[in-house]
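Hi,

Here is the structure I promised to pass on.

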Amino acid sequence: MKKTKIQRVLWLCTTVLVASATYCSVVVLLLIKVWTSYEQLILIEEERITREASNEYRLLRELHNRYGEVGSNCDNILLQAMRDAEFKAHLLHDFLYLERNSIVCSTRFGVVNKLLELEGFNISTNSSDVRFSPSSTVFSADGSPDHKEMAVAVGRFAAYLRFSESALHELNWINNGVFLVTPENVHYLFGDESIVPNRSTQDRVISWFKDGVYHSQYCRNNNLCIVIQTNVWDYLASKVFVVVFLIVGFVTLNALCVFVVSRYHTKYISLERQLLRGLNKKRVMCSYQPILNLESNQFDYLEVLCRWVNEDNEVIRPDFFIEQIEENGQSKLLTDIVFRKAVEELSGAGLIKGLKFAINFFPSDISSGLAKELIDNVLGKELESRLTVELTEREIHDVDSVISEIRRIRKSSSLVAIDDFGTGYSNLQHLEKLKVDKLKIDKSFIDGIESNTLRTKLVLIIVELAEALDLVVVAEGVETEGQLKKIKEMGIHYSQGYLHSKPLPIDELKDFIDSSKTE
Ligand code: C2E
Ligand code: CA
């Protein structure tokens, strides 16, 4: 595979990986947020119930305190006291009075003749602690076992605890259970019995993933823990629409990334190769930006600016490819194409004799003699005075040969301008040596010119310097009326910028010049 192809594949793979990872993380975070909002609802509900339940244990404790310790008979007074307690209770029902493990009497059956055993409690204790039996038998009227429910006891008094009265949730993908958790023991209280809580209750809130199930455990000081299980697959199965949406989102995002990256790659990364095979007269275009003569108020001058049309037929501005041109060693070719094309188009439009024009050159074009060669061969004696050679803001390596070439160019009556003055090599020392005709003040100076800052003063100094050296001054990047007014006051000779016109193709330039003359 070619180097650029490998590079492209690597770029695409990296992008898909990064996009997928980001997408999945965001989706997981969003899902956890949704789940925790359900959890909060469950927590509120559970808390209400456990608070209510512990309030009701008080009723058992009161019975125990009044009747339990003396070992009362199950007479009417005791039964009435138990019925009063049941009346007050909401979650506890069927209050029982026990002898060892057997029911002596209950609010439902009165005194029980048959031996009904209530499993799970050690009744011999006299303590007033609340004890739980997760599944105790509930008996029917004839004394046969009916079903199992959780029972709570204090001393000899017990009752069944029915949490099912509160509809916690009806969602099949989320379960919860309440447990008393100690490092040694887990005591199920209510909810889903199959849930296995985490024993490390020092951490009050913990969450973990196991077998596709997301668990959250919330523990309070008395080791009462609520464990909430979210079954990821059940959740997704119940939300087919969400799953489809997520898959479509995933595919779209990746497709978009692949599209953008391959476009970016074509445009910038494979620029080198595209330029190497596609820098030709057909793909290089010239744009012409009119420049206003501030003395005559005429557009009698313009700058030629090149554009390159890439393999996707996009018009690329020089900022994106000039550097690559230099790296590819194609600067000479570009200058040659632009120069010949501009002269050809300006002549074809009948503008070459009426207007002066500037063309940008690389320093190497000057030092190698290319600029002079083009002036002689393409423009000739008749037109050479129309041209201004703009020296772009690049490092000059061989100052001496540039200086001698500039001298030759100026001898042939073409002019030389220093571009982007103030930003690069064009320091005062060079200015003295280079002996040019024009200075173009960089846009960055013009930008702040209205606000009387240091830049305004610098522009004034540049203008004074230019006057002393007898140089024509052009302001670049003029965008507002205020800037125009200011540069006029300063005595600058030419104004170039979007305020007047953007760079135009040759036919629009012709219309522009024609209409500016009739105004
Ligand atoms: P530059 O020589 O400083 O050219 C002026 C740049 O400023 C042009 O950008 C022009 O479109 C832009 N400009 C003009 N007025 C305004 C304005 O009011 N506001 C703003 N924001 N920008 C304005 P462009 O055409 O993209 O050219 C960029 C640079 O590429 C040129 O800067 C020049 O250094 C280089 N360049 C352009 N064409 C050629 C060429 O044919 N040969 C060489 N060697 N360099 C070129
Ligand atoms: Ca320029």
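Let's start with the ligand: the side chain of glutamine 289 has an N or O atom 3.0 Å from a nitrogen atom of ligand 1. The cut-off for a polar contact here is a pair of N or O atoms within 3.5 Å; inside the protein, one must be able to donate a hydrogen and the other to accept it, and neighbours in sequence count only if both atoms are side-chain atoms. Arginine 317 puts a polar side-chain atom 2.8 Å from an oxygen atom of ligand 1, and a polar side-chain atom of aspartate 419 also lies 2.8 Å from an oxygen atom of the ligand. On its own ligand 1 exposes 790 Å², and the protein buries 88% of that (Shrake-Rupley, 1.4 Å probe).

Before going further, the ground rules. This is a predicted model, with local features needing pLDDT of at least 70 and side-chain atom pairs pLDDT 80 or more, while totals for chains, interfaces and linings use all residues. Residues are numbered from 1 along each chain as written, chains are lettered from A and ligands numbered from 1 in the order written, and side-chain values use heavy atoms, without hydrogens or water.

Around ligand 1 there are 23 residues (a heavy atom within 4 Å), the closest being Arg307, Arg317, Asp419, Glu479 and Tyr498. They split into nine nonpolar, five polar and nine charged (Ala, Val, Leu, Ile, Met, Phe, Trp, Tyr, Cys and Pro are nonpolar, Asp, Glu, Lys and Arg charged, the others, Gly included, polar). Strand S13 (298-309) gives the largest share of that shell, four residues.

What space does ligand 1 take? The largest pocket, meaning that more than half of its atoms lie within 2 Å of the pocket's grid points. A pocket is an open set of points on a 1 Å grid over the protein atoms alone, with protein on both sides within 12 Å along at least five of seven lines; a cavity is a set where a 1.4 Å probe fits but cannot get out, and lining residues have an atom within 4 Å of a point.

The largest pocket has a volume of about 930 Å³. Its lining counts 34 residues, with Glu303, Leu305, Pro318, Asp319 and Asn360 nearest the centre, and divides into 12 nonpolar, seven polar and 15 charged.

Cheers

Methods:
Helices (H or I, at least four residues) and strands (E, at least two) are DSSP runs, numbered from the N terminus. Grid points are joined across faces, edges and corners, and a volume is the space filled by probe spheres set on the points.
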